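Okay, thanks for coming, everyone. Let me put the structure up, and then I'll walk you through a few spots in it.

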Amino acid sequence: MHEPTPDEYDSPWKDAVERYFPEFMAFYFPDAANLIDWSQAYTFLDQELRAVVRDATLGKRFVDKLVQVTLLDGAEQWVYVHIEVQGARQAGFAKRMFTYNYRIFDRYDRPVASLAVLADEHPDWKPDRFGYSLLGSETSIRFPVAKITDYHDRLELLLTQPNPFAIVTAAHILTQQTRGDDAFRFQAKWRLIRLLYERGWDKQRIIDLFQVIDWMMRLPKALEQQLWQNIHELEEIGKMRYISSVERIGMERGMEKGMEKGMEKGMEKAEQNTLRRQISRRFKTLPAWAEQRIDQAGQVELEQWLDNIVDAPTLEAVFESDNSTH
């Protein structure tokens with residue numbers, strides 16, 4: 001009996017949030033989403049978040065995003081989103097939300113809205129506040145929490161909803177429910193993939209959500225090959241060359257190596273997009289030469305440039321570090 005490959009949650013969640021942030025907010029935090037002017041651009045503040053979140057001891061099984069949005073009243077505000085995907089409850093979770101909130105405020109003098117998605121398997125664990133009082137002084141934080149287990153009894157309803165995060169949530173739940181049962185997982189994964197085609201979504205959204213499902217719901221090689229055969233036949237019938245035209249992550253080169261490369265490319269693409277938005281916002285222009293530099297850069301260069309843009313006096317200065325990193 002083979003040892004099952006650990007399920008992958010944090011990378012697909014990160015990818016989905018970055019690609020479909022408005023839909024993420026609308027699905028899990030509709031009240032907050034209704035206050036945001038989505039006709040205005042929003043910006044992921046990755047380097048600002050890196051500057052305040054450096055706690056290696058807190059573990060890796062979570063996803064953090066800091067996003068600048070424009071409210072309907074015209075004010076620009078920051079939203080800190082934390083997605084807890086580890087399976088165990090943590091006594092210090094609410095304190096961590098409090099800590100990150102005040103660190104961001106202290107460093108940038110900006111109020112920040114903290115939101116949390118808890119994707120663990122403990123229905124009764126819903127920490128949503130932290131605080132203390134001493135000698136008449138009170139300090140506290142309360143934050144909205146979305147809990148994935150609340151959707152367990154609505155799984156069939158999720159599969160009918162148009163928001164892409166309904167599919168992401170269903171994939172997460174089904175990954176948990178099919179752990180250790182490869183045949184059950186195969187059927188569940190195949191059902192989700194068929195749904196992608198039935199929605200009438202554009203090609204890129206189908207590919208994006210397929211990658212999220214594929215990351216989460218890993219299968220043994222034989223079943224993975226059967227799945228690809230099913231996809232190929234489905235696309236032949238519908239005259240659609242969507243998923244089967246995408247590189248098969250890990251199929252021929254080994255699942256782990258392929259997954260690593262896929263995640264790496266996904267991170268590079270996300271950082272490229274973040275850098276483009278930051279440059280356009282800071283310098284009001286993104287010339288062709290800068291676009292070319294970004295397209296050709298690796299992850300190390302992109303991370304350095306993202307750090308540089310905070311203090312760079314000119315656009316050219318953002319890119320200076322690549323000559324000193326060899």
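So, start with helix 8, residues 182–198, and helix 9: they pack at an angle of about 170°, and their axes are 10 Å apart. Angles over 145 degrees count as roughly antiparallel, and therefore that's what we call helix 8 and helix 9. Keep in mind as we go that this is a predicted model.

Who's doing the touching there? From helix 8 you have R185, K189, L192, I193, L196 and Y197, and from helix 9 it's I206, L209, F210, I213, D214 and M216. Sort the residues of that contact by type and you get 9 nonpolar, 3 charged and no polar.

Now stay with helix 9, residues 203–216, and bring in helix 7, residues 164–177. These two axes come within 9 Å and cross at roughly 15°. Under 35 degrees counts as roughly parallel, so helix 7 and helix 9 get that label. The crossing of helix 7 past helix 9 is right-handed.

On the helix 7 side, the contact uses P164, I167, V168, A171, H172 and T175, while helix 9 puts in R205, L209, V212, I213 and M216. That contact divides into 8 nonpolar residues, 2 polar and 1 charged.

Okay, leaving the helix packing, let's look at some loops. Most residues other than glycine have a negative phi. L135 isn't a glycine, yet its phi is positive, about 55°. You'll find L135 in the loop between strand 5 (129–134) and strand 6 (137–142). Is L135 buried or exposed? L135 is exposed, because its relative accessible area is 85%, and the cut-off for exposed is over 50%.

K284 is another one: a residue other than glycine with a positive phi, near 60°. K284 sits in the loop that links helix 11 (255–283) and helix 12 (288–296). With a relative accessible area of 70%, K284 counts as exposed.

Last stop, D37, in the loop between helix 3 (30–33) and strand 1 (43–44). Here the relative accessible area is 18%, and under 20% means buried, so D37 is buried even though it's in a loop. What does the D37 side chain make a polar contact with? The side chain of S39, at 2.5 Å. And once you skip the neighbours within four places in sequence, D37 is in contact with T70, L71 and L72.

Note on methods. Residues are numbered from 1 along each chain as its sequence is written. This is a predicted model: local features need pLDDT of at least 70, side-chain atom pairs count only at pLDDT 80 or more; totals for chains, interfaces and linings use all residues. Side-chain values use heavy atoms; hydrogens and water are left out. Helices (H or I, at least four residues) and strands (E, at least two) are DSSP runs, numbered from the N terminus. Buried means under 20% relative accessible area, exposed over 50%, partly exposed in between (1.4 Å probe, protein chains only). A polar contact is a pair of N or O atoms within 3.5 Å; within protein, one must be able to donate a hydrogen and the other to accept it, and residues adjacent in sequence count only if both atoms are side-chain atoms. Contact means heavy atoms within 4.5 Å. Axes are lines fitted to C-alpha atoms, for helices over the stretch in contact, and angles run from 0 to 180 degrees between N-to-C directions. Angles under 35 degrees count as roughly parallel, over 145 as roughly antiparallel, 65 to 115 as roughly perpendicular and the rest as oblique. A crossing is left-handed if the near helix is turned anticlockwise from the far one by less than a right angle, and right-handed if clockwise. Ala, Val, Leu, Ile, Met, Phe, Trp, Tyr, Cys and Pro count as nonpolar, Asp, Glu, Lys and Arg as charged, and the others, Gly among them, as polar.
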